[in-house]
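Trainee: I am new to this structure. Could we go through it in questions and answers?

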Amino acid sequence: MVTSKKPMQYRPKKTVRKRSQKTGLPPGSLVHIGRQRAEETKITIIDYDETRFAEQAVNTVDACFPFRESPTVTWINIDGIQQTDMLEKLGSCYNLHPLVMEDVVNTEQRPKAENYGDYLYIVMKMLYAGESAETISTEQISLVLGRHYVISFQEGLEGDVFGHVRERLRSEKGKARRLGADYLVYSLIDAVVDNYFPILEALGEKIEVLEEKLVTSPTSETLHNIHCLRREMIFLRKTVWPLREVISNLQRGDSILVQDSTRIYLRDVYDHTIQVIDTIETYRDMVTGMLDIYLSSVSNRLNAVMKVLTIIATIFMPLTFLAGIYGMNFKYMPELEWRYGYGMIWGLMIGIGLAMIVYFRKKKWL
Amino acid sequence: MVTSKKPMQYRPKKTVRKRSQKTGLPPGSLVHIGRQRAEETKITIIDYDETRFAEQAVNTVDACFPFRESPTVTWINIDGIQQTDMLEKLGSCYNLHPLVMEDVVNTEQRPKAENYGDYLYIVMKMLYAGESAETISTEQISLVLGRHYVISFQEGLEGDVFGHVRERLRSEKGKARRLGADYLVYSLIDAVVDNYFPILEALGEKIEVLEEKLVTSPTSETLHNIHCLRREMIFLRKTVWPLREVISNLQRGDSILVQDSTRIYLRDVYDHTIQVIDTIETYRDMVTGMLDIYLSSVSNRLNAVMKVLTIIATIFMPLTFLAGIYGMNFKYMPELEWRYGYGMIWGLMIGIGLAMIVYFRKKKWL
Amino acid sequence: MVTSKKPMQYRPKKTVRKRSQKTGLPPGSLVHIGRQRAEETKITIIDYDETRFAEQAVNTVDACFPFRESPTVTWINIDGIQQTDMLEKLGSCYNLHPLVMEDVVNTEQRPKAENYGDYLYIVMKMLYAGESAETISTEQISLVLGRHYVISFQEGLEGDVFGHVRERLRSEKGKARRLGADYLVYSLIDAVVDNYFPILEALGEKIEVLEEKLVTSPTSETLHNIHCLRREMIFLRKTVWPLREVISNLQRGDSILVQDSTRIYLRDVYDHTIQVIDTIETYRDMVTGMLDIYLSSVSNRLNAVMKVLTIIATIFMPLTFLAGIYGMNFKYMPELEWRYGYGMIWGLMIGIGLAMIVYFRKKKWL
Amino acid sequence: MVTSKKPMQYRPKKTVRKRSQKTGLPPGSLVHIGRQRAEETKITIIDYDETRFAEQAVNTVDACFPFRESPTVTWINIDGIQQTDMLEKLGSCYNLHPLVMEDVVNTEQRPKAENYGDYLYIVMKMLYAGESAETISTEQISLVLGRHYVISFQEGLEGDVFGHVRERLRSEKGKARRLGADYLVYSLIDAVVDNYFPILEALGEKIEVLEEKLVTSPTSETLHNIHCLRREMIFLRKTVWPLREVISNLQRGDSILVQDSTRIYLRDVYDHTIQVIDTIETYRDMVTGMLDIYLSSVSNRLNAVMKVLTIIATIFMPLTFLAGIYGMNFKYMPELEWRYGYGMIWGLMIGIGLAMIVYFRKKKWL
Amino acid sequence: MVTSKKPMQYRPKKTVRKRSQKTGLPPGSLVHIGRQRAEETKITIIDYDETRFAEQAVNTVDACFPFRESPTVTWINIDGIQQTDMLEKLGSCYNLHPLVMEDVVNTEQRPKAENYGDYLYIVMKMLYAGESAETISTEQISLVLGRHYVISFQEGLEGDVFGHVRERLRSEKGKARRLGADYLVYSLIDAVVDNYFPILEALGEKIEVLEEKLVTSPTSETLHNIHCLRREMIFLRKTVWPLREVISNLQRGDSILVQDSTRIYLRDVYDHTIQVIDTIETYRDMVTGMLDIYLSSVSNRLNAVMKVLTIIATIFMPLTFLAGIYGMNFKYMPELEWRYGYGMIWGLMIGIGLAMIVYFRKKKWL
């Protein structure tokens, strides 16, 4: 169900750089931890206010520097985080703390929001479902919110989740362009959380299918599937739970970077997060219930098997015994000489057999 | 037991618009999420103070606008939330935040209460039991409490839960007309919570019936029923738990829209909610206990079956062996020649059989 | 074990008026919810200060009115709450909020303490054990504490729990008469909590007896008893847990009606409540442990049964096979002609049998 | 494992006075609840400051009165709490609240610390292990800390736990004599908590032994032992958990009776308590794990037994059938006449037997 | 899996001094509790500021005293804590509270951080995995942070965890030398926490291997391994959980010894700790899931075994019965005389056998 059996990072083995390789390095060392990707880092700069809108794709990080002081809202989107030297340059230009840059490239962060005074640093996890929801993989999204700028970092492994936001900015409709950088950050967070719902719906359908199977024909594969589902639940839970606090902190926090009008929108995303968590918890309860059902259906089948065995044995053992009796070679066995002895013994045997069947009927075993 | 197996929205498949269809839309987009209904939106306006009372059913939302500034209490009840354009118009007339209107038409909200300064926005869930409590379905009730007005939105799928409140307003009795809009909101909340009790009582009776069955004749259908019951419990819990906090917030909150005299009444509804939650928790405990009972009764039956098998085998195997012995064709078997050999072997066999029975009696297997 | 299987109100079916019958009534409607009782409401008035003591049983509620303003402590005890008109009169005379009166007659309240400024309203549950602790039933006790008066409401179903308190007031000993109405309320609460201990001790003895049985001769009735015990535990827990908060609120609350000297006494009752809760939790743990023991003892017995079957089959199947061999009718079977063939075959069989027994000994099955 | 099966007071039946015997008595009534002891109450008075040290054993409580106002630290140790009249006298001399004295003689208190302004009242539980840790019994220790005095009450059932403290006071070494009454109370608490460690280590060894047994030869006695262990854990937990809060309250509380220098020492005892609780929780987890192991080892053995049965039956049933075939008496059975028929049938049978064994080998049943 | 079965201290038996040996000693007594080590205590002093760096290994503790008042940062690292007299001397020179020194030598501390005003005392646990992660052992690390000095105590049992930190100080690179003693303490804590990750990754691989085994060939050894894993989890959890609070206290605490710039780094370590705890919790969930899988696979195998038995018995019992019938010696058995009787009986038997097989096919047992 999951791409790999690695419990910790949930990704294929070879191309993943592990956390332990950083042991002993000084804090603030930029070492990329996570899945490796061949392609280059892509940088897109969008600069806008209510009237203007400029979008450009650049190759070097230097192109970002002029926007530092501009009063318009600047959104720098970095797609791919393996070229740590470029990121380092960007970080020092925007005065980002070395620990922030370290967290950006280490993709094993929990979702969190940190207030560095001049800017807020937010980490989230994007979820991607493989074909037919068999695999869930994650991508780390880092956001930096400054007074007039937003920098977003994506691992760049899967599709672009921010397409809708970009679209809305391009078209002049909506209030997206009228509001500031904090509203843009809200839009990005909202885009990520919105993307959880299809994943959950796919999971819900998987559960439904499994339940159907569980009732009609439970096999040991069903058990395996339940187990995998439970695992994905553990994984999802670990990914989504901290988000709740993150958004709650943003909404209720005292950062001057977030305006009151945006807080109302953040409350809305917060509600969505709670809804996601609620659904995950409900699914967990259901999967637990499915395990119980599976176990008791196994017990029930054992019972059924044993009943068949017992019925057969209880009917044929006495009869075989009787046949054995009249197979004995004693010289003086009067019944053997009887004219209708053979017929009588058949009668007796059929009688015993029927009595047993009636007995089992009464006991509701048949 | 439940209408459909959809874990997430608990409704028949075809006519439900899913949450994922909203992915990518800007916040505040009014898209109806939930079960589809053919009929039109019905609007009822009730305007009253201690002396006057006027009630009218209108077709267009424009009829609501004149009441915006009137000092009398105005209750606008919207039945059906699929005509999003009408709702949008109403929302902008009463200055409701776009996110409020978005939540009104998205029927997958958790119960919540949000303070928007000028008005409070409250979401609740109404429960409906199908025939013989086999199915529990929900309907989202949204309430907006302003200084002099209350707007209530119902999905309009099932009967009208606010009939009693309307009745009380019509008759001049009671203090209902003397008190303000906040008391009206309390009455509506109370009507919803009051409606949970019959549902719970029906569930209680179902549990009782199942327990009876569990003791007398547990089948694998019983297990299925327990499982369904547990599921409904999970569903109920998810629906009612957040209500506790909602009402607590209303009661203890600092909104100037809720007067102190009304807070005492809200404390009363809060108590009812706790009572509902208590009952659900007790039911959950009972259902868990029933599962344990079921599983151990299955084990017990297996034990009983195995005992029968063992008794039969233990009695007849030695006897059949003995019969086999004297069925052997050795030339020199002295016993076969004995005059009373046959009688003696019968005696021995009956003796062994009785000894076994005595043994099993002593072991309390018989 | 419990009088009825109704999970919600734990009382015989016919004479109970259910909560759902109140749906749709305006708040403050006095409708008696609970077990019906034929007898009349009894009213006792005790008026005292350090020097005086007057006790009278009255028929009408009007006799209570003169005491409203008296500076002496007045204790009005109402026994029976079905005559709602009388209670309504009393309530309006003492200026009690309609919701208080509603809660007094609705016997499905959770224990709670509510501060209405001029007076405190306290709800508790009295427990009564049937003969040999087979049944636990509850009675709702409501207390109203004013400046100089205490009104106590009992359902009047079982004996009078306040006898000891009355006795102490009558005799001039102790400080009971010297202290005010708050000390009287403390005494009444203490009387209720004190009464929980015999119930718990009876339950403890029942658990002890069941454990004894569980070790010596577990039957499926034992399982049923464990289940009933667990149920009573759930019931008790639900009844006693909220009491903890109630008394804590009284003790730490800021009501001017409770003096500091009384708070020390309330802390003592609080300790008792914690002790009761502790004991219930311990019992719950023990009952859970008993269930585990029962289940594994069932497994053990199955194991024992299967061993008997296996031993018998393993010994007699090879022997019966051997006997079958020499029961074959082949023309040329040299062994059959041997002089000591029969003896040798017996020897072989006994040898095989003994070998099997030695094997099972070694495997510790015998 | 435990002296008696009484769940509530964990003591032999006859000599224990139960809590229920106090029902109906006014608060502050001194009735001894707990195990009865024949011997008399022993009183020891130690009076010291940095330079002086006086120790005396007295018979009457009157000897304690002169020390009430002395500026030196006075430690009155009462050993035996059944002579309630003496205690009452002492209590009224030192102005102790009647409820304090009631709690001293009622040995069913939870550990607690109560601030009465002039003095602190602390209840703790001393643990004693019987021989080979089979039995754990408790003794209630009550401490009263005043400005210049400490009164300690022991039930006097087992040895004296305060011996080491007394020794340290006698010798002039250490700061024990330099510091005040609060340091003495700390020393007494520390002595009690220190005494928990040997008990825990003994329990740890018991668990170790049981685990060993569980792996090598699990019997149903093992199950009983696990159950007893779990029970002791429940009991220990109930005894030690509240202590955590007690010491935390003393340490962080605002009583002027405890000096800052002593608070550091109390933090140390607090750490020890947490360590004790941690160990108990770890043990609980381990015992739970042992139960799981036991249950699955029972299942495994059942599996093993069933395999033996199945192997035997699967080998011998077809063979016996074959033997039966050639035991039939049909007139025309060509095989019977064959010269090597008997040899061939043996060959066939051995072939079938070997085939079965190979099959079971492949299935890893053998 | 774990070095020893001691639940409490998780170390080989003989060389461990137990906590109970301290019972009765006055507080502040330096008694070494833990594993014994033959070697001597090693002391290393590193003294540095931005420009200077001096490192020396000394034999006596006196060499540390001159650094007490120096304005440069001094790091005294003590490797080996069994020579309590030396530690006592050091403690009194640096004015450390006797309880601190007691905790340093008692290696059964929980992780904790204590503020003594002039200095902070921090206890942590270092983890070491044996070969192939079979064994996890701990070493207690104590840190004392003063204004200009850091003292670190290691048990000195395993390798040196602080090598990387020392290296960074030696090289002039990085800000390590520019910042104060608090940054040094952060570096040491970070080194310890960083070291948890390889341990966790090794555990993760162990879980992966076990899961593989569980699916392909579960034996009772698998169960044992799961049990050991669970135990290690309990142990790890107990070790790491308190660390969370420790670091949180350091970060949010109000000690003037920790500067704001360092707090940001502590927040980073805090995140790592949370990540470690998250991973442990996930592992725990997985191990619990594995136990469920194991148990149900045992049930499944039992089912399979029983099916084989039942199939064999159900086919051969009727056939053996039939053979027994025609082995009877009745005089008048017409079938025996039939010319094709023998062939017909074979036909009948094969028919019955095939019918059974078809039946089992339909039931999906074959």
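Mentor: Two strands pair if DSSP finds at least two bridges between them. Helices (H or I, at least four residues) and strands (E, at least two) are DSSP runs, numbered from the N terminus. This is a predicted model, in which local features need pLDDT of at least 70 and side-chain atom pairs count only at pLDDT 80 or more, while totals for chains, interfaces and linings use all residues. Residues are numbered from 1 along each chain as its sequence is written, and chains are lettered from A and ligands numbered from 1 in the order in which they are written.

Trainee: In which sense do strand 5 and strand 9 of chain E pair?

Mentor: Strands of a sheet pair through backbone hydrogen bonds, either parallel or antiparallel. Ile76(E) has Ile151(E) of strand 9 as its bridge partner. Strand 5 (residues 73-79) and strand 9 (residues 149-154) of chain E are joined over 6 bridges, and the sense is parallel.

Trainee: Which are the edge strands of the sheet in chain E?

Mentor: The open sheet has 7 strands with mixed pairing, in the order 4-3-5-9-8-7-6. An edge strand pairs on one side only, and in chain E these are strand 4 (53-58) and strand 6 (112-115).

Trainee: Which helix of chain A gives the most to the side that touches chain B?

Mentor: Taking contact as C-beta atoms, placed from the backbone, within 7 Å, 55 residues of chain A are in contact with 49 residues of chain B. Helix 3 (163-170), helix 4 (181-194), helix 5 (196-216) and helix 7 (260-325) of chain A each supply at least two residues of that side. The most, 33 residues, comes from helix 7 of chain A.

Trainee: At roughly what angle do the axes of helix 1 and helix 2 of chain D cross?

Mentor: Axes are lines fitted to C-alpha atoms, for helices over the stretch in contact, and angles run from 0 to 180 degrees between N-to-C directions. The axes of helix 1 (residues 84-93) and helix 2 (residues 98-105) of chain D come within 10 Å, and the crossing is at roughly 145°.

Methods. Two residues are in contact if their C-beta atoms, placed from the backbone, lie within 7 Å.
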